[in-house]
Amino acid sequence: MRYADYVEDFSRWASLGELGTYGEAVHDGTRYPYLRLVVDGARWLTITAGFHGDEQSGPRTLLRSMDRVVAWARQHDVGLRVYPCLNPTGFEDTTRYNRAHQRPNNDLLRYELPGGHVRGELLPGQRFKRWYVRTTPGAAETDALLPELEQHAPPVAALDLHQDPFHEGPGSYAYVFGERSGFHSMVRACRGFAPIVAQQQVDDVVPLSTDEHGLLEYADGSITDYFWRRGVRWAAALETTTDTDPEACHQVNLAWIHGFIERAAAG
Ligand SMILES: [Zn+2]
């Protein structure tokens with residue numbers, strides 16, 4: 001899908017809130033504006049999608065059903081900050097990274113380890129002295145997003161929509177932080193649409209396995225990790241495998257978005 005078509009299609013939701021941009025990429029004279037939709041409310045939920053351009057389900061769910069999402073949010077007096085398609089050139093090219101071969105995901109934080117070394121992520125259980133927001137130049141999309149995120153107080157909840165192109169077969173699971181029982185209702189709501197990827201290793205590099213509910217934790221420098229460090233109580237990165245039927249992925253995305261609106265409303 002051409003990103004210009006995505007932008008044009010998404011602009012039909014302009015009446016739902018304040019639709020704007022916070023920067024743009026330019027390639028061969030073509031502009032790729034970074035979209036943001038803001039809907040006012042008492043407590044805030046941030047929704048992000050499309051960090052990886054080949055994981056198209058999240059951006060498509062928001063393009064298709066933004067009106068439903070905003071209606072739910074209004075019912076609960078939840079404000080939304082929605083970044084529906086964070087990596088426009090990757091989305092247009094169906095590539096994981098952007099057209100300049102930069103990696104927009106997992107590059108928001110730095111961890112200083114006890115010995116003074118600095119890492120972008122932590123191994124499971126690894127201790128660190130402090131964390132800080134990355135200040136050195138990185139992927140253009142993330143460089144535009146970070147000051148945008150930093151200017152607002154942390155939301156109550158933050159949901160990042162991804163897909164997993166590596167895991168074989170249909171399924172869904174999620175990266176979460178903190179107390180996990182609050183996510184179980186969302187996991188249950190998805191069971192009818194896709195199998196839960198439970199007690200399986202989902203990362204080739206780091207030995208990380210999901211629990212029996214398909215949940216796992218990884219301090220990976222992602223936006224989920226970033227929001228957790230900033231004190232966001234409900235932070236998750238939802239994954240559906242790209243082998244999952246697109247309609248099922250859509251329903252899984254909506255179930256988690258609905259659950260996150262309820263969590264944000266409860267505070
Ligand atoms: Zn991803």
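## Helix H4 and its neighbours

The buried residues of H4 pack against strand E1 (18-27) and strand E2 (30-39). Here helices (H or I, at least four residues) and strands (E, at least two) are DSSP runs, numbered from the N terminus. Two residues are in contact if their C-beta atoms, placed from the backbone, lie within 7 Å.

Which residues of helix H4 (residues 140-150) are buried? They are Ala140, Glu141, Thr142, Leu145 and Leu149. A residue is buried if 20 or more other C-beta atoms lie within 10 Å of its own, exposed if 12 or fewer, and partly exposed in between, with C-beta atoms placed from the backbone.

## About the model

This is a predicted model, in which local features need pLDDT of at least 70 and side-chain atom pairs count only at pLDDT 80 or more, while totals for chains, interfaces and linings use all residues. Residues are numbered from 1 along each chain as its sequence is written.

## The chain as a whole

The protein chain has seven helices and 11 strands. Of the 267 residues, 48% are buried.

## A three-stranded sheet

Strands E6, E5 and E7 form an open sheet in the order E6-E5-E7, with antiparallel pairing. The edge strands, E6 (118-119) and E7 (130-133), each pair on one side only. Two strands pair if DSSP finds at least two bridges between them.

Strand E5 (residues 109-112) is joined to E6 by two bridges. Glu112 has Val118 in E6 as its bridge partner.
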